[in-house]
Amino acid sequence: MKRAYPILAVLTVALLGYSLYEALVVAPTDRLQGDVYRIIYYHVPSAWTMFTFFAINFVASVIYLIRRNLKADAVAVAAAELGVVFNTVVLVTGPLWARPVWGIWWTWDIRLTSTLVLWLIYVSYLLLRRFSSGGQMPLLAATLAVFGALDMPLVYFSIWFFRTQHPQPVVGGGGSIDPRMLHIWLLNWFAFECFGLLVFWSRYRLEIMRREVEETRELESLLETRSPR
Amino acid sequence: MSYLYAAYIATWLIHLGYIGTLVLRHIRLRREIQELK
């Protein structure tokens with residue numbers, strides 16, 4: 001992975017650049033919304049990528065709870081950070097799209113509110129990891145992650161089961177979309193997934209390195225206290 | 001159009017900001033490793 005990383009990074013940047021060009025220049029203009037609809041090419045792929053990382057966090061947390069695997073714990077923290085970053089993008093781009101289309105920045109409907117709650121849950125998760133110490137911390141964090149993940153189906157299915165301001169899905173929900181728009185949408189999703197996975201790998205490596213440094217420091221201080229004076 | 005550009009710029013500011021924090025954390029960790037050596 002160490003050798004392949006720069007090549008993958010260059011390919012991902014090229015893919016993101018191409019996807020951006022397709023989204024802003026090639027994609028047809030929407031008849032009703034005009035050009036502002038192009039926010040969809042960043043808003044929805046970011047939401048799907050967010051779900052990917054929160055799902056990784058959930059699976060890694062379950063593995064940690066069952067096997068006490070420290071690598072799974074490192075995967076969980078890296079995935080949670082990436083999930084929060086993509087969730088933030090969703091929460092910022094959503095209102096920027098809502099304002100010209102709905103005439104309001106925000107409304108407390110179930111899709112928007114549950115997405116904000118999801119963000120708050122995982123920010124709490126990261127704060128718990130940041131400010132608590134001791135051997136029980138990964139266990140507490142993993143438990144919080146498992147319960148936090150319960151909000152994900154609520155976010156996803158809220159627009160199917162409840163009457164919301166947020167539109168129904170146009171992919172997989174019975175709606176229709178121009179095939180060119182769908183192609184560019186999926187291209188942007190793929191680009192963001194690749195980008196997210198690259199950053200996730202860097203964050204995971206950083207976490208492993210941090211733990212090694214921490215262990216070495218602890219060992220060093222232990223040796224210092226035991227050495228004869 | 002300004003909302004569209006604002007959304008795209010905000011997206012990249014968030015991502016680049018996060019990558020920036022990762023770079024800083026990496027530099028700090030490298031310095032700690034050097035100290036330990």
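Not counting residues up to four places away in sequence, A:Phe53 touches A:Ala79, A:Leu82, A:Gly83, A:Phe86, A:Gly196 and A:Phe200; two residues are in contact if their C-beta atoms, placed from the backbone, lie within 7 Å. This is a predicted model, in which local features need pLDDT of at least 70, side-chain atom pairs count only at pLDDT 80 or more, and totals for chains, interfaces and linings use all residues. Residues are numbered from 1 along each chain as its sequence is written, while chains are lettered from A and ligands numbered from 1 in the order in which they are written.

**Confidence**

- The predictor assigns the complex an ipTM of 0.95 and a pTM of 0.92.
- Chain B has a mean pLDDT of 94, with 100% of its residues at 70 or more; pLDDT is the predictor's confidence in each residue, from 0 to 100.

**Chain A**

- Chain A contains seven helices and zero strands, where helices (H or I, at least four residues) and strands (E, at least two) are DSSP runs numbered from the N terminus.
- Along the sequence, the pattern of chain A reads α-α-α-α-α-α-α.
- Taken along the principal axes, the C-alpha atoms of chain A fill a box of roughly 80 × 40 × 30 Å.
- Of its 229 residues, 31% count as buried; a residue is buried if 20 or more other C-beta atoms lie within 10 Å of its own, exposed if 12 or fewer, and partly exposed in between.
- Among contacts in chain A between residues at least 6 apart in sequence, 76% join residues at least 24 apart.

- Chain B has one helix and zero strands, and its C-alpha trace spans about 55 × 5 × 5 Å along the principal axes.
- Buried residues account for 11% of the 37 residues in chain B.
- The contact between the chains draws 19 residues from chain B and 23 residues from chain A.
- On the side of chain B that touches chain A there are 14 nonpolar, three polar and two charged residues; Ala, Val, Leu, Ile, Met, Phe, Trp, Tyr, Cys and Pro count as nonpolar, Asp, Glu, Lys and Arg as charged, and the others, Gly among them, as polar.

**Nonpolar core**

- The largest nonpolar core has 49 residues, of which A:Ile39, A:Phe53, A:Ala76, A:Ala79, A:Ala80 and A:Leu82 touch the most other members; such a core is a set of buried Ala, Val, Leu, Ile, Met, Phe, Trp, Tyr and Cys residues joined through C-beta atoms within 7 Å.
- Two or more residues of this core come from each of helix 2 (40–67), helix 3 (70–102), helix 4 (110–131), helix 5 (137–148) and helix 7 (179–226) of chain A, and from helix 1 (2–36) of chain B.
- Helix 3 of chain A supplies the largest share of this core, 16 residues.

**Helix 3 of chain A**

- At 1.5 Å a residue, the 33 residues of helix 3 of chain A should span 48 Å, which agrees with the 46 Å between its end C-alpha atoms; the expected span is 1.5 Å times one less than the number of residues.
- A:Gly103, which follows helix 3 of chain A, has a positive phi near 85 degrees.

**Two individual residues**

- A:Ala191 lies in helix 7 of chain A and counts as buried because it has 24 C-beta neighbours inside 10 Å.
- Apart from neighbours within four places in sequence, A:Ala191 is in contact with A:Leu15, A:Leu16 and A:Ser19.
- A:Leu139, in helix 5 of chain A, counts as partly exposed because it has 15 C-beta neighbours inside 10 Å.
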